[in-house]
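Work through the exercises below with the sequence and coordinates open. Each task is followed by a stepwise solution.

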Amino acid sequence: MLAYQSCNGDASARWCAPAMRIASGPSYISAVPEPVDSTSSPLLPLLTLRSTVVFPDGRIVVQVAGAENRGVVDGIGPDGAEIVAALLTDTGASPVGRIGVRARLSGRREADGGLLECTLEGRARVRITGSRLLDGVPHAATEAVTELRLDDDATPAMTRVLDAAETLAERDPSFPAELPGLLRRERRRAGRAADLTAARARFRPAEKDAVLQELDVAARLGRVADRLEREVARLSVEDEVRVETERRIDRHQREFFLRQQLQAIRTELGEADPADGELTELRRKVEAAGLPDAIAAEARRELDRLRQLTPASSEHQVLRNYIDWVLALPWQRRTSEPPITLDRVEAALDGRHYGLREAKDRILEYLAVRQLRGDRGRDPQGPILCFVGPPGTGKTSLGEAIAASLGRAFYRISVGGVRDEAEIRGHRRTYVGSLPGLFIQAMRRVQVADPVLMIDEIDKMAAGGPGGDPTAAMLEVLDPAQNRGFTDHYLNLPFDLSSVLFICTANNLFDIPPALRDRLEVIRIAGYTVEEKVEIAWRYLLPRLFDEHGITEHDLQFTDETLSLLANRYAREAGLRAFERQLAALMRRRARRKAEGERGAWVVDGARMEDVLGPPRWAAELADQMPEIGTVTGLAWTANGGELMTIEALRMPGTGRLLVTGQLGEVMRESVDAASSYVRSRARELHLVDPELRTSDLHVHFPAGAVPKDGPSAGIAVTLAIASVMSQRAVRRDVAVTGEVTLRGRVLEIGGVKEKVLAAYRAGLRRVVLPAANAKDLRELPSEVRGAIEFTLAATMDDVVAAALLPRDHRALSGDLPTFDEVAAHAVDLPPPA
């Protein structure tokens, strides 16, 4: 028995060759077949096969393992009994209607593993017309089938089968070599030839079963021919691939031997190899670069590896790029700085930027430490500054000014939107097209080891993702204890970043992860007042813009009043970008008129600005508005600086509901609930109308509903609005308030005081109510702001009510608005909170 074939189910099979055959593989005896139109047989035991097929006139050995098939074989009497064999690959499928084979059980024996080997001899195709269990054993009713025979033995399909078999026998060692001879002998019996081919060739069980089910001999022969021709086509493709592969291998081997011969000839002639000359030049550069010992040793090792590779190798180019990166980095090259003169540095900083005293003082302190140490071998650890403020306040340009005043190279790295850790640490060399990270690339560009690197928009880095967490990688860069040996994944060598002066910028400090924020020295840049904008325009903006637009101060003339009007009515924002755009718009219009031939000077005034820039974007000062009931001017902090926020409250007939609108966060909604509870608890002192809200509803609204709002600092503004509407007392509109309030009426400390006060100052408000705990923040304000604004430091809500809530008879008071003293004189004398 030869050619073992496994079976996935109840039976497995191996083909037996008759005594006259010596070839391996499945074999069929060439006995005279029984007539295919024999009369129908009685019920016969049904043996279901899983991974093989028995054909008429064929002998096969199957291994029976399943309980059902074992019962079929055990229920048959002595050898020689007949059964029906059918292929059923799907468990539970019905054999009814399928073509099976009536076979004779010619032998059986016990095999290893509890298997039973049975020898089956196929007799004829039969159609299974029904099946049932007799004594627990499946039996099948069958009927004879008639095949559509071919009379012409030289059909084209038979020729195709014979040609394909001969081709496969010549080109495929696993194909049965004797099959073409058997087919020529069975040429006059086309159906037998098709069965013989399907049984002996490498057909899958489903393909064999398809041949068995086909009763049209011509179609059966065509199916077999198609399968063999597909196998021939597959071999042709494999041969083409093999030939091409061998050709390439031969070419590379030929090139290798020719290069070896060329090297030997050059050696005999005393000529140098160009590749050796390139490697020699690289080694000379490594020795002359003054690399640290560990870095130089690694570079020499990579050069030795490069020498062993041919230029055609892909790894050759990877190693060459790596060595180029190592040689291009400033491992020990430092800036040749002039002697430190603090006066010179301070003058350079003042010449580039107006104000920003805190940032300038921190740089001067750093330089003073270097001057006192007097050593150049190792710089003291520089401050890692983080400028936090609204857009357009000069954070990036201040970094450039610092680098220029120090005489160092400057490079800006924008990390906004960075989502992959590899952008910080670099890609490993195993990746195609890998490169070092942003910081190593920056060091290569500046070519010194102690530049000023500005990390712009550090608050907009993405924290975490499929590519790793770039903010975590930034910890190693900015940590003084780690950046002396920063290891980029591409270089895989420690690079010293401790001499770099890092400066970060951010709009919102709280978007920076706490671990990273802990390593930064935060300097807040709150924004500019109108006076500062006017001064910056005279010193910096106007000279530069005149030069950029090709006009002079004789063509366009400004005054302090017109610049103040421009800043207050057209560019009321914390930064300078909108202010600069409006100035540029005026200059473009003047440049166009001058190019058209208009002579003379334009004196910029309100009418000229409205003609060029359009109607003012901002209204006149809020102090001109009349007091209103239920309307309070609050102060808010945003990433773009401080802003005014109006809070409105309205009482209407209802059932005691409290409605809050304006796209608020949870914290602000809770502030509204706390304010309502506090006001109702003070009903007697405030003389509230319907304090129990039995017949009234209360609606609190925060305008600009499309803008999300959150935070507790609107607590006293909301409390004031509710107290006003429930007591029918107007609120002063020339007062801005901010602060958190508790249920007991205490006013708590809040943040962003500088930004909020500057927003009130820009809007023309000159009275601000702040929590008493924020008194320490007033010293951060510019002196002109502190002198112009009257601050009320409130410890309780009683202080806020006394300062901002007008008495019911305020219309009887003389003048447009009552003074603070008049308000205090008419205020209700409230007891202290519990």
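**Exercise 1.** Classify the orientation of helices α23 and α26.

Solution. α23 and α26 are oblique to each other, since angles under 35 degrees count as roughly parallel, over 145 as roughly antiparallel, 65 to 115 as roughly perpendicular and the rest as oblique. The angle behind this is about 60 degrees, for α23 (residues 715-727) and α26 (residues 797-804), with their axes 11 Å apart. Axes are lines fitted to C-alpha atoms, for helices over the stretch in contact, and angles run from 0 to 180 degrees between N-to-C directions. Helices (H or I, at least four residues) and strands (E, at least two) are DSSP runs, numbered from the N terminus.

The model is predicted: local features need pLDDT of at least 70 and side-chain atom pairs count only at pLDDT 80 or more, while totals for chains, interfaces and linings use all residues. Residues are numbered from 1 along each chain as its sequence is written, and side-chain values use heavy atoms, with hydrogens and water left out.

Next, the handedness: α23 passes α26 in a right-handed crossing (left-handed if the near helix is turned anticlockwise from the far one by less than a right angle, right-handed if clockwise). Finally, the contact (heavy atoms within 4.5 Å): I716, T719 and L720 of α23 meet M797, V800, V801 and A804 of α26. By class this contact has 6 nonpolar, 1 polar and no charged residues (Ala, Val, Leu, Ile, Met, Phe, Trp, Tyr, Cys and Pro count as nonpolar, Asp, Glu, Lys and Arg as charged, and the others, Gly among them, as polar).

**Exercise 2.** In what order do the 7 strands of the open sheet stand, and which stand at the edges?

Solution. The order is β21-β22-β20-β19-β24-β27-β28, with mixed pairing. β21 (658-661) and β28 (790-794) are at the edges with a single partner strand each, so one side of each is left without a neighbour in the sheet. From one strand to the next the twist averages 30 degrees. Within the sheet, β19 (residues 631-638) and β20 (residues 641-653) pair in the antiparallel sense over 8 bridges (two strands pair if DSSP finds at least two bridges between them). L635 has L644 in β20 as its bridge partner. Helix α21 (residues 666-681) packs on the sheet and touches β21 and β22 (696-701). α23 lies across β19, β20, β22, β24 (735-737) and β27 (767-771), at about 30 degrees to β20.

**Exercise 3.** Which residues stand opposite H139 of β8?

Solution. In the pairing of β7 (residues 116-134) with β8, antiparallel over 8 bridges, R132 is the bridge partner of H139. β3 (residues 44-49) is joined to β8 (residues 137-144) by 2 bridges, also antiparallel, and there P45 stands opposite H139. The hairpin of β7 and β8 has 2 residues between the strands, and D135 takes a positive phi near 55 degrees.
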